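These are my notebook entries on a structure that I had not examined before. I set down what I looked up, entry by entry.

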Amino acid sequence: MHFDEVAIAFNEIEQRSGRLEMTDLLARIFEKTTPEEAERIAYILQGELRPPYEGIDLGMGEKFVLEAIRKASGYPKSRVEKEFEKEGDLGLVAEKLLAKKQQQSLFQKSLSVLSVYNSMFKISRFRGTGSQTQKINRLVELYNNATPLEARYITRFVMGQLRLGVGDPTILDALSVSHEGDKSLREPLERAYNLCSDIGYVARVFLEDPKKIQEFKIEVFKPIMPAMAERLASPKEIIAKLQKCAVEYKYDGFRIAIHKKGNRVEIYSRRLEKMTHMFPDVVKAVQKLKPKDLIFEGEALAFNQEEKRFYSFQETMRRRRKYELDAASKKYPLYVFAFDLHYLDGEDCTTSPYLERRKKLESFLPNGQIHLSKMRIVNTAEEINSLFQAALSTRLEGIIAKDLNAPYTAGKRKFAWIKLKKSYGKEMDTIDAVIVGYYRGKGARAKFGFGGLLVAAYNDETSRFETIAKVGSGFTEEEMEKFQKMLEEDKVKRPPVNLDYAMEPDFWVHPRHVVEVAYDNITRSPTHTCGMENGKGLALRFPRMIRIRDDKGPFNATTTKEVEEMHKFS
Ligand code: ATP
């Protein structure tokens with residue numbers, strides 16, 4: 001397939017905002033592609049070259065893309081920069097300046113989807129001295145053969161901002177529509193995606209043989225999207241919902257998924273990033289476990305023998321960062337509290353009921369560095385309450401109740417797990433929100449160039465971000481400096497395409513970072529767009545910054561649906 005066809009479809013998608021139209025346009029593309037092309041297009045739509053957990057980055061900043069446009073277009077640097085100043089989008093700059101040049105040039109060979117993808121992949125591979133020049137030259141080569149419209153999307157892809165507003169659910173819908181004419185295969189496609197976190201792989205397998213998606217099985221070293229917990233306000237409500245259930249301590253550590261095949265072990269974070277290097281002591285302990293092939297999940301945290309207490313996630317990470325890793329693992333040994341099993345020697349356990357998974361997990365876990373999470377089966381609200389109090393007295397944050405019969409709900413927030421934390425109903429509650437903009441500092445804050453954040457919730461039904469608060473307090477001076485530096489890099493000239501907003505910050509940023517924000521209650525306000533009804537959205541009252549949540553990506557932020565639920569509590 002010619003890349004031109006894809007660029008034309010992207011341009012049409014960009015003009016539409018409705019999910020249905022976008023889905024149809026994409027479906028028409030998937031109807032015509034080979035499985036390999038579908039795989040590449042799915043990655044490109046995600047703004048990636050490979051599944052995000054592989055961490056492949058093109059490594060080209062704004063400066064180098066400007067240089068490539070200058071070289072390919074023949075315009076002086078000052079002109080390219082002036083256009084950028086005016087347009088605020090390098091994609092449009094490339095399109096405009098290359099169009100002018102092409103009127104004069106004679107030969108050009110047309111680009112295919114695979115050749116564009118391969119060139120981008122090569123760009124990502126150039127490393128070390130001289131690599132910037134190699135990257136620029138490869139991009140110039142692409143520009144020399146690209147139509148202006150292709151140049152727009154190639155540039156935006158390289159800059160990490162395709163600006164189409166197409167989320168994963170739309171890609172999955174489009175795959176189903178391309179084959180069935182409707183969304184009837186969306187559910188198995190979504191399940192497959194949640195089990196491997198690799199949209200390109202799902203697209204390829206689906207185009208090769210849709211039946212394989214129905215029978216999709218998890219694989220070691222392909223991380224699974226984590227299941228998430230719903231929340232309820234009291235033990236009574238939990239019993240009313242689940243009746244007899246399991247109750248586990250909720251450990252405030254670092255969530256990890258551990259994959260083992262023979263002697264090879266990989267550890268993935270909640271965001272599916274490979275973190276194996278951070279946990280050398282855990283790797284050694286896992287290598288000694290009996291099962292050959294294994295995927296299980298747990299919470300890692302440090303235990304201080306002298307003080308007989310656990311360190312929280314933040315403390316653990318701070319301490320581990322301060323020391324060399326080897327020294328840290330001796331001084332603050334990490335313990336893993338395993339709480340779920342996904343795969344055991346050839347068997348996909350995600351479809352088995354909780355109790356069966358738990359029994360299997362218990363069958364091979366020794367009580368060394370890897371423990372089992374504390375679990376008890378209960379029948380009454382009183383029993384839940386006494387476990388909850390016991391958890392709090394050991395300085396844990398609460399409990400998680402689990403439905404005994406539920407399968408593992410990969411990538412979903414379901415009542416299979418219900419969390420009860422100290423803060424619900426009393427003291428302080430928090431949400432995890434995505435930063436979409438920030439404010440210039442005024443008065444005493446002017447010197448930091450930072451005065452607060454505009455943050456948003458994620459609407460997982462529409463795949464859009466919706467603003468919920470302007471956060472101006474809770475920052476130390478050190479944090480203000482840190483935020484300014486961090487966000488300066490993510491600054492974009494236009495509001496993110498997948499954002500609904502009513503108020504404007506001084507600077508927009510690419511939605512990437514998640515922060516935990518505390519608040520007093522949730523009210524309706526015309527200045528925010530979260531769960532908008534009659535021109536008023538949900539807004540946090542007295543929002544305060546608590547911490548950056550490095551372990552969460554923008555699509556793991558608190559959802560609009562959750563905020564609506566919390567609004568009922570507040
Ligand atoms: P929170 O901010 O309350 O930790 P979260 O949004 O990070 O919540 P949830 O989706 O609500 O995560 O899921 C509960 C989290 O609790 C899991 O992500 C996991 O890291 C943690 N956890 C701690 N102990 C357990 C346990 N025994 N079983 C399941 N999850 C646990």
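**Entry 1: domains.** Before taking any distance, I note that the domain bounds used here come from an automatic or database domain assignment. I also note that the model is a predicted one. The assignment divides the protein into domain 1 (48-159), domain 2 (228-421) and domain 3 (429-569). I then looked up how the centres of domain 2 and domain 3 lie, taken over C-alpha atoms, and found 29 Å between them. Across this pair, I found 11 residues of domain 2 in contact with 14 residues of domain 3.

**Entry 2: nonpolar cores.** I next asked which residues have the most contacts inside the largest nonpolar core. They are L45, I69, L139, Y143 and I154, in a core of 95 residues. I checked where this core draws its residues from, and at least three come from each of domain 1 (48-159) and domain 2 (228-421). I recorded a second, separate core as well; this one has 30 residues, with L453, F475, Y519 and C530 among them.

Setting aside its neighbours within four places in sequence, I listed M60, V65, A68, I123, I154 and V158 as the residues in contact with L139.

**Entry 3: the ligand.** I asked how many residues surround the ligand. There are 19, and the closest are R255, E299, K419, K421 and K552.

- For K419, I found an N or O atom of the side chain 2.4 Å from an oxygen atom of the ligand.
- For K552, an N or O atom of the side chain is 2.7 Å from an oxygen atom of the ligand.
- For E248, the ligand atom is a nitrogen, and it is 2.8 Å from an N or O atom of the side chain.

Lastly, I looked up how much of the ligand is covered. Taken alone, the ligand exposes 600 Å², and the protein buries 94% of that.

Notes
Residues are numbered from 1 along each chain as its sequence is written. This is a predicted model: local features need pLDDT of at least 70, side-chain atom pairs count only at pLDDT 80 or more; totals for chains, interfaces and linings use all residues. Side-chain values use heavy atoms; hydrogens and water are left out. A nonpolar core is a set of buried Ala, Val, Leu, Ile, Met, Phe, Trp, Tyr and Cys residues joined through side-chain atoms within 4.5 Å. Buried means under 20% relative accessible area, exposed over 50%, partly exposed in between (1.4 Å probe, protein chains only). Contact means heavy atoms within 4.5 Å. A residue is near a molecule or strand if one of its heavy atoms lies within 4 Å of it. A polar contact is a pair of N or O atoms within 3.5 Å; within protein, one must be able to donate a hydrogen and the other to accept it, and residues adjacent in sequence count only if both atoms are side-chain atoms. Accessible areas come from the Shrake-Rupley method with a 1.4 Å probe; for residues, only the protein chains shown count as cover.
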